[in-house]
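Here is a briefing on pockets and aromatic contacts. Please look over the sequence and the structure before reading on.

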Amino acid sequence: MKTIALLLCISFAGFAQNSYNLIPLPKEVVPQTGQFVVKKSTNITYSHPEFAPVAELLQDYLQKASAYPISTKLAKSGSIQFTQNTSLGEEAYTLQINSGKISIQAKTGKGAFYALQTLLQLMPAQIYSGTKLAGAIAIPSVQIKDEPRFSYRGLMLDVGRYYYPVESVKRFIDLMAIYKMNTFHWHLTEDQGWRIEIKKYPKLTEIGGYRMVNGVKYGGYYTQEQIKDIVGYAARLGISVIPEIELPGHSVAAIAAYPHLSCTGKPIPVENEWGVFKDIYCAGNDQTLQFLKDVMDEVITLFPSQYIHIGGDEAPKVRWEHCD
């Protein structure tokens, strides 16, 4: 009972501190009285060129939501000021808001970007709509010190089973940025679909990118140019992209395109059911190994991420056990 009571106290304390409706909850939130109101004289300044993209992003939000032409420039003071503080951590920031000024300090552009996400969450929710607000933009006064607890903060999107168009992927990345996530795990190949263009093996997308659902062809894939665009889009929001290229299992779509990659060499369709399947890459086939090297050569050029995820799970050995 004492443990339960303690947990309840911690939980309610967290809710009390989060009266500013911030997700994730910053490391330190000190409530203040009053509010900052965006008006005709409001401007945005930054003390270091690295903060220019963040300042311009805030400018874009405020100009779309207010009736005022918000300016931004490199300067030492302003209504909303981004200032470099080299004593802070790489992703840390401080945010101070009172009736006369908003002051943001960060060491890097990434820290300033996270401060911006907190600042936007303090504004009326309609700020995200990209349309004019009916009333003034009022931001509650507060003092915040924050930095992430974890270096890896990620979400995975599985497009192998269900294809998502480019704009939907970008929307997913937008939402990740709002909540200060920094790693997008992009699951690009599956038994049910191969979604990444590999120029040396065009059948991967021509055949492996589609399956039959109730007699109707379903699927899609991303060209290398689209992938570069999405990776660049994510980078501008402080998000790195880790591609997932499954092997040796979850590879039915690739085998449907190139049957010689399997142990049997027999043609099979792209899978339309969920589960774990016997047909996987043949580990004893030199052509399969060369195929995987070729695929990775192209994948590596598209993703600057430190990591590539290769799965390794749910790979039944039954075909290997009966393979010459």
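Rings of Phe, Tyr and Trp (its six-membered ring) pair if their centres lie within 6.5 Å; planes under 30 degrees apart count as stacked, over 60 as edge-to-face and the rest as tilted. Ring pairs link Y163, F172, F184, W186, Y222 and F303 into a cluster. This is a predicted model, in which local features need pLDDT of at least 70 and side-chain atom pairs count only at pLDDT 80 or more, while totals for chains, interfaces and linings use all residues. Residues are numbered from 1 along each chain as its sequence is written, and side-chain values use heavy atoms, with hydrogens and water left out.

**Aromatic pairs**
- The count comes to 14 aromatic pairs.
- One of them joins Y258 and F291; the pair is tilted, with 6.5 Å centre to centre and 50 degrees between the planes.
- This pair links distant parts of the chain, 33 residues apart: Y258 is in the loop between α7 (252-257) and α8 (286-302), and F291 is in helix α8.
- Helices (H or I, at least four residues) are DSSP runs, numbered from the N terminus.
- Y258 counts as buried because its relative accessibility is 13%, where buried means under 20% relative accessible area (1.4 Å probe, protein chains only).
- F291 is buried too, with a relative accessible area of 1%.

**Charges over rings**
- A charge sits over a ring if NZ of Lys or CZ of Arg is within 6 Å of the ring centre and within 35 degrees of the ring normal.
- R211 places its charged end over the ring of Y162, 5.6 Å from the ring centre.

**Largest pocket**
- A pocket is an open set of points on a 1 Å grid over the protein atoms alone, where a 1.4 Å probe fits, with protein on both sides within 12 Å along at least five of seven lines; lining residues have an atom within 4 Å of a point.
- α2 (52-65), α3 (109-122), α4 (166-178) and α6 (224-236) each supply at least two lining residues.
- The largest share, five residues, comes from α4.
- By class, this lining has 11 nonpolar, three polar and five charged residues.

**Second largest pocket**
- The second largest pocket has a volume of about 320 Å³.
- Of its 16 lining residues, P24, L25, P148, R149 and R153 lie nearest the centre.
- This lining divides into nine nonpolar, no polar and seven charged residues.
- Ala, Val, Leu, Ile, Met, Phe, Trp, Tyr, Cys and Pro count as nonpolar, Asp, Glu, Lys and Arg as charged, and the others, Gly among them, as polar.

Definitions and conventions: Points joined across faces, edges and corners; volume = space filled by probe spheres on them. Buried < 20%, exposed > 50% of the residue type's maximum accessible area, 1.4 Å probe, protein only.
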